[in-house]
Amino acid sequence: SPSLPTVNVAVLGATGSIGTATIDVLHHLDRIDETKTWNLWAASGHRNVQLLGELAGQFKCPPHQIVLSDPKSATEFAAGSTLANTQIKTGAEALVEIASAPEVDVVVAAIVGRAGLESTLAAIESGKRVALANKETLVVAGSLVQATLSNMASSGSRAEVLPVDSEHSAIFQCLGDKERGSASENTCKPRKLILTASGGPFRNASIRQMQDATPELALNHPTWDMGPKITIDSATMMNKALEVIEARWLFDIPAESIEVVVHPQSIIHSMVEFEDGSVMAQMSPPDMRLPIQYALTYPRRLACETPALDRTRQWDLTLQPVDRERFPALELGFEVARVGGTAGSVVNAANEEAVGLFLEGKIRFTDIVPACRRALEHHHFEPQPSLTRLLELDRWARAEVRKQYAT
Ligand code: NAD
Ligand code: MG
C-alpha cells in the first residue's frame, strides 16, 4: 500500500553474490512487511551491465540512481537503458554520492574488497544504517570507523553499522539487543566471541596438496556459494582471519577474547560465551538471506525465505580446533587484530593482490599467506594512521606483492 512508510535502500555491489541475495530479500520484504514499503533507491555494479539492468527492471519503481563504477560499462548501460527516470553515473565518487544521498535510509555495503571503503565510510558519515558485508572496510580502517561512529553518536546521529557477515550477525544476535559489545558496566559481559569456520575446501588437505591446488579446486567451496575473492579467502582461512579483525572492531573486543573453531556443517554461525560459562549459539541453514534481512529489519524479525532445518533427519554438529600449521592465516589475523594501526590495511591489500595473482595462475595457493606476512613485516608500522596514510599503504603493499612475484 502506498500509504506505508518507505525504506529507501541503496545496494552497493548489487550484482554480486550478496547484492543479488539482497535484491531477493527486498522483493520478499516488500511482499510480506505489513508496516513498510521496501524500495531499491540506488544500485551499483562494476562491469556486469546486463545483470544490473535485469535487477533494476524487476522493480515497479526502478532505482533513481544506478552506478557502474567502470566508465565504459556505464556508457554501455546508458546506451541500452530503457529506464526513463533513472540517472546513470560512473566512478568511485558516484558510489560515495549514492551512499550519502539524503533520500537513502539504508546502505547495503556489498562491494568486494578495499574498493568498498570510501562509499561505506560515506554512508556512516551521512548517518545511514549500514548493513555491512564489506568486511574489508573494518579490516583496513576499523579504528577510524569506530571513532566516526562514536563522534556521530555524540552529535545525535543515528548512524549504525549492522553485520551482514553470518558469523558477526550470529554474535550480534547472541549478544541480544541491549547488551551487545563490551560496554563498560555490562552485566551480561561476553567472555569470548567464538567464530565458527567451515574449514573450506582444504579442511582435510595436506600442505602438499595445498601447494598444488588449482584455482578451480580452491573455488569449490563445500557449504557456501560466494564471490571468487571470499571463496579463495575461505580456502586459505584468510576469510576467518579478516573476520577476527572485523569482530575486534565491530564489537570493540580485544583479540584475546576472540576464538575460532572449525564447524564443517556451517549451521552454527558463531557463539558467545558469557562470564558464567554459558554459551549462546545462533543456528540456521547456510543462507545469507537471513543475516541480510536481519540487518535490514533489525530489531524486527520477519518471516524469511531461508528454509528451516529439516528436523526429521539426523544432523551432526561437529566442532574441531583449527590446525594453525596448515592455516597460518589465522595467526596473522589475530596479530593484526592485536596491533591495529596500519597492519590491517597492509595485510588486506597484500591479500587482495595475492588472491588476484593466484586466480591468474601466477602464484601458488600456498604463496598467498606468506606474501601477506612479508608485506606486514616489511612495512613501517604506525599505531594511529590517517585515512590517507592507510590508502598509501594499500597501494604500497600491492606493489610489494607484485614485485615479489615479477618475473
Ligand atoms: P562478488 O564478487 O560476488 O560481488 C562483488 C560486487 O562488488 C559486485 O557487485 C561487483 O560488481 C562489485 N565490484 C567489484 N569490484 C569493484 C570495484 N573495483 N569497484 C566497485 N565495485 C566493484 O562478492 P560477494 O561474495 O558478494 O562479496 C561481497 C562482500 O561481502 C565481500 O566483502 C565479502 O567478503 C562479503 N561477504 C560475502 C559473503 C557471501 O556469502 N558472498 C558472506 C559474508 C561476507
Ligand atoms: Mg563470514
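Visitor: Hi! How many residues apart are R398 and D394 in helix α16?

Guide: R398 and D394 sit 4 residues apart in helix α16 (residues 387-405), so about one helical turn separates them. Helices (H or I, at least four residues) and strands (E, at least two) are DSSP runs, numbered from the N terminus. This is a predicted model, where local features need pLDDT of at least 70 and side-chain atom pairs count only at pLDDT 80 or more, while totals for chains, interfaces and linings use all residues. Residues are numbered from 1 along each chain as its sequence is written, chains are lettered from A and ligands numbered from 1 in the order in which they are written, and side-chain values use heavy atoms, leaving out hydrogens and water.

Visitor: What do the side chains of R398 and D394 meet in?

Guide: A salt bridge, at 2.9 Å from N to O. The rule asks for a side-chain nitrogen of Lys or Arg within 4 Å of a carboxyl oxygen of Asp or Glu.

Visitor: Buried or exposed, R398 and D394?

Guide: Both R398 and D394 are buried. That word means under 20% relative accessible area, with exposed being over 50% and partly exposed in between (1.4 Å probe, protein chains only).

Visitor: Which residues are linked with them in a network of salt bridges?

Guide: The network links R398 and D394 with R114, E118, E352, E353 and R402. The structure as a whole holds 31 salt bridges.

Visitor: Switching topic, what does the domain assignment give?

Guide: Domain 1 (6-163), domain 2 (179-285 + 315-338) and domain 3 (340-407). Such bounds come from an automatic or database domain assignment.

Visitor: How many Å separate the centres of domain 1 and domain 2?

Guide: Taken over C-alpha atoms, the centres are 27 Å apart. Domain 1 puts 11 residues into the contact and domain 2 puts in 14; contact here means heavy atoms within 4.5 Å.

Visitor: And what area do domain 1 and domain 2 bury between them?

Guide: About 1100 Å², of which 65% is on carbon and sulfur atoms. K135, V139 and Q146 supply 45% of the area that domain 1 buries against domain 2, more than any other three residues. Buried area is the accessible area (1.4 Å probe) that two parts lose on being put together, summed over both.

Visitor: How many salt bridges are counted between domain 1 and domain 2?

Guide: The count is 2. K135 and E243 have side chains that meet in a salt bridge, at 2.9 Å from N to O.

Visitor: Which elements give two or more residues to domain 1's side of that contact?

Guide: On the side of domain 1 that touches domain 2, they are α6 (136-154) and β7 (160-163). α6 gives the most, with 6 residues.

Visitor: Back to K135: what does K135 form with D165?

Guide: A salt bridge, with the closest N and O atoms 2.9 Å apart. K135 is in the loop between β6 (129-132) and α6, and D165 is in the loop between β7 and α7, so the pair ties together parts 30 residues apart in sequence. K135 and D165 are both buried.

Visitor: Last one: how far apart are the closest N and O atoms of E97 and K89?

Guide: They are 2.6 Å apart, in a salt bridge. E97 is partly exposed at 41% relative accessible area, whereas K89 is buried at 18%.
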